[in-house]
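Here are my notes on this model, point by point. Please read them with the structure open.

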Amino acid sequence: MTLLTALVTEASSVPDSGLAGLVADIMGSIGLVGVGLVLAIETILPFLPSEVALPLAGFSAKRGDFGLVAVIIAATIGSVGGAMILYWISRVFGLERTRHVLAKIPLVTAKDIDKGVAWFARNDAAAVFFGRMVPAIRSLVSIPAGVEKMSVSRFLIYTTAGSLIWNTIWISAGYQLGNNWESVEKYGNYLKYALVVAVAVALAWFVIYKVRARRTPA
């Protein structure tokens with residue numbers, strides 16, 4: 001393969017239309033700041049799935065546009081920033097007013113918000129950490145954390161840890177696949193199901209461990 005052919009092949013792998021094209025334009029225009037911005041928006045608005053944005057960011061790193069570690073850090077900062085916005089909105093306005101406002105956003109329903117509340121009710125720390133790795137729960141778990149006035153430091157720690165794991169998985173997948181980064185979307189459902197199962201198992205273990213610890217005499 002000649003250099004010209006390689007460049008043409010690489011360029012053709014960059015989306016130029018649709019949602020993926022918009023993400024590529026933002027990242028291409030403002031670099032790592034764009035990566036963080038896309039993930040912040042994705043955390044707040046569900047119409048921009050991270051399963052599209054993150055593999056594309058990994059592909060950009062593979063092309064040499066950014067360093068892999070830098071992309072992961074930028075994406076995680078963006079994710080945490082978006083989560084903090086939802087946290088503070090919920091903390092200031094309360095559950096009912098927050099639900100009323102967010103339910104007006106396309107693709108966000110009161111039922112989805114209630115799922116986040118239910119997750120949080122089981123255990124605040126575990127809900128925030130594991131919830132950041134569960135589709136449909138990822139963003140909305142910030143709402144009950146804000147409503148219940150969870151410690152900002154604890155929220156930041158668990159949100160950062162969960163976001164870092166989620167982002168690393170998807171960005172690394174896009175990085176490894178290179179020009180075939182779109183294949184991540186093809187098999188993304190299997191990966192999401194595997195992650196959900198893993199999170200459910202880990203959460204169950206965490207709850208059982210906490211219950212046994214409380215029952216064990218000091």
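1. Overall pattern. Read along the sequence, the chain runs α-α-α-α-α-α-α-α-α-α. That is 10 helices and 0 strands. Of the 218 residues in the chain, 42% are buried. Take contacts between residues at least 6 apart in sequence: 73% of them join residues at least 24 apart.

2. Confidence. This is a predicted model. The mean pLDDT of the chain is 75. A value of 70 or more is reached by 67% of the residues. Which elements mark the two ends of the scale in mean pLDDT? Helix α1, residues 3-12, has the lowest mean, at 36. Helix α8, residues 152-177, has the highest, at 90.

3. Over residues 1-12, pLDDT stays under 50. For this stretch the model has 5 contacts beyond four places in sequence. I would read the placement of α1 with its mean pLDDT of 36 in mind.

4. The largest nonpolar core. How many residues does it have? It has 24. Val 35, Leu 54 and Val 71 have the most contacts inside it. The elements giving two or more residues to this core are α2 (18-44), α3 (50-63), α4 (68-102), α6 (124-131) and α8. There is also a second, separate core, of 13 residues. Among its members are Ala 83, Val 128, Ile 137 and Phe 155. As background, nonpolar side chains tend to be buried together in soluble globular proteins.

5. Leu 54 and its partners. Leave aside neighbours within four places in sequence. Leu 54 is then in contact with Leu 39, Ala 75, Trp 166, Asn 167, Trp 170 and Ile 171. Leu 54 also belongs to the α3 side of the contact with α8.

6. α3 against α8. The two helices pack at an angle of about 55°, with their axes 6 Å apart. That angle makes α3 oblique to α8. The crossing is right-handed. On the α3 side the contact uses Ser 50, Glu 51, Leu 54, Pro 55, Gly 58, Phe 59, Ala 61 and Lys 62. On the α8 side it uses Trp 166, Asn 167, Trp 170, Ile 171, Gly 174 and Tyr 175.

7. Trp 170. Is this residue buried or exposed? Trp 170 counts as buried because its relative accessibility is 0%, and the cut-off is under 20%. Trp 170 sits in helix α8. In sequence, Trp 170 and Leu 56 are 114 residues apart. In space, their C-alpha atoms are 9.1 Å apart.

8. α6 against α8. How do these two helices meet? Their axes come within 7 Å and cross at roughly 30°. So α6 is roughly parallel to α8, as angles under 35 degrees count as such. This crossing is right-handed. Asp 124, Ala 125, Val 128 and Phe 129 make the contact from α6. From α8 come Arg 154, Phe 155, Tyr 158, Thr 159, Ala 161, Gly 162 and Ile 165.

9. Burial of α6. Of the 8 residues of α6, 7 are buried, so this helix is largely enclosed by the rest of the structure. The buried ones are Ala 125, Ala 126, Ala 127, Val 128, Phe 129, Phe 130 and Gly 131.

10. Val 128. This residue lies in helix α6. Val 128 counts as buried because its relative accessibility is 0%. Beyond four places in sequence, Val 128 is in contact with Phe 120, Val 141, Ala 145, Met 150, Phe 155, Tyr 158 and Thr 159. The C-alpha atoms of Val 128 and Ala 161 are separated by 9.5 Å. Along the chain these two are 33 residues apart.

11. Ser 142. Where does this residue sit? Ser 142 is in helix α7, residues 142-147. Ser 142 counts as buried because its relative accessibility is 1%. Not counting residues up to four places away in sequence, Ser 142 touches Ala 83, Leu 86, Tyr 87, Ser 90 and Phe 155. Of these, Ala 83 and Phe 155 are included in the second core.

12. A backbone detail. Lys 149 has phi near 55°, a positive value in a residue other than glycine. Lys 149 is in the loop between α7 and α8.

Technical notes. Residues are numbered from 1 along each chain as its sequence is written. This is a predicted model: local features need pLDDT of at least 70, side-chain atom pairs count only at pLDDT 80 or more; totals for chains, interfaces and linings use all residues. Side-chain values use heavy atoms; hydrogens and water are left out. pLDDT is the predictor's confidence in each residue, from 0 to 100. Helices (H or I, at least four residues) and strands (E, at least two) are DSSP runs, numbered from the N terminus. Contact means heavy atoms within 4.5 Å. Buried means under 20% relative accessible area, exposed over 50%, partly exposed in between (1.4 Å probe, protein chains only). A nonpolar core is a set of buried Ala, Val, Leu, Ile, Met, Phe, Trp, Tyr and Cys residues joined through side-chain atoms within 4.5 Å. Axes are lines fitted to C-alpha atoms, for helices over the stretch in contact, and angles run from 0 to 180 degrees between N-to-C directions. Angles under 35 degrees count as roughly parallel, over 145 as roughly antiparallel, 65 to 115 as roughly perpendicular and the rest as oblique. A crossing is left-handed if the near helix is turned anticlockwise from the far one by less than a right angle, and right-handed if clockwise.
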